[in-house]
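Please read the following note beside the sequence and the structure. The points are numbered and may be taken in turn.

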Amino acid sequence: MQMPLSGLLVMTAAVLASAEDVDINFDGTLKFTKAVRFEEVRAEVLEQKKPGIVFVTQPWCDACKGLKENIDADKDLQNMMDQFVVAHASGADGEEWQYPGENVVYIPRLYFLNAAGELVDLKGPYPDEKYGSYFYH
């Protein structure tokens with residue numbers, strides 16, 4: 001039985017649309033906490049008595065995919081990550097990760113927590129003040 005061209009086009013569009021929703025995750029060599037919400041990550045930081053790093057990404061983001069590939073390829077960086085609680089908030093899980101009073105939508109973003117579970121604000125100085133948010137999250 002032959003499928004009409006319109007049916008093939010609809011199926012192809014559906015496959016391509018669902019492929020955009022697939023998250024390209026880190027390769028599995030980093031030890032991530034299962035926690036993704038702020039209070040969960042904070043609790044893990046306090047329990048392990050280590051500072052935290054939170055990667056905020058989106059499945060469709062090419063810059064996020066590049067970040068993941070670079071981290072996956074850098075074994076020295078991965079070894080240093082053992083000194084931190086490392087979390088990955090992807091998709092909707094990343095929406096709550098903001099500095100107080102901000103609503104930054106640029107991704108990928110990184111957030112740091114000190115060993116007391118407090119967000120560390122790493123703002124400025126920036127290479128170019130009008131693009132500040134690209135350098136501190």
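1. The side chains of threonine 57 and histidine 88 are joined by a polar contact of 2.6 Å. A polar contact is a pair of N or O atoms within 3.5 Å; within protein, one must be able to donate a hydrogen and the other to accept it, and residues adjacent in sequence count only if both atoms are side-chain atoms.

2. This is a predicted model, in which local features need pLDDT of at least 70 and side-chain atom pairs count only at pLDDT 80 or more, while totals for chains, interfaces and linings use all residues. Residues are numbered from 1 along each chain as its sequence is written, and side-chain values use heavy atoms, with hydrogens and water left out.

3. Threonine 57 is found in strand S1; helices (H or I, at least four residues) and strands (E, at least two) are DSSP runs, numbered from the N terminus. With a relative accessible area of 0%, threonine 57 is buried. Buried means under 20% relative accessible area, exposed over 50%, and partly exposed in between (1.4 Å probe, protein chains only). Among the residues that threonine 57 touches, not counting those up to four places away in sequence, are Cys64, Lys68 and Ile107; contact means heavy atoms within 4.5 Å.

4. Which residues of H3 are buried? They are Cys64, Lys68, Ile71 and Asp72. Seen down the axis of H3, these buried residues fall within an arc of 100°, so they line one face of the helix; the arc is that of the directions from the helix axis to the C-beta atoms. They pack against strand S1 (52-57), helix H4 (75-80) and strand S2 (85-90). On the other side of H3, Asp62, Glu69, Asn70 and Ala73 are exposed.

5. The structure holds three aromatic pairs. In one of them, the rings of phenylalanine 32 and phenylalanine 55 have their centres 6.5 Å apart and their planes at 70°, so the pair is edge-to-face. Rings of Phe, Tyr and Trp (its six-membered ring) pair if their centres lie within 6.5 Å; planes under 30 degrees apart count as stacked, over 60 as edge-to-face and the rest as tilted. Phenylalanine 32 lies in the loop between helix H1 (5-20) and helix H2 (38-48) and phenylalanine 55 in strand S1, so the pair ties together parts that are 23 residues apart in sequence. Phenylalanine 32 is partly exposed at 27% relative accessibility, whereas phenylalanine 55 is buried, at 2%.
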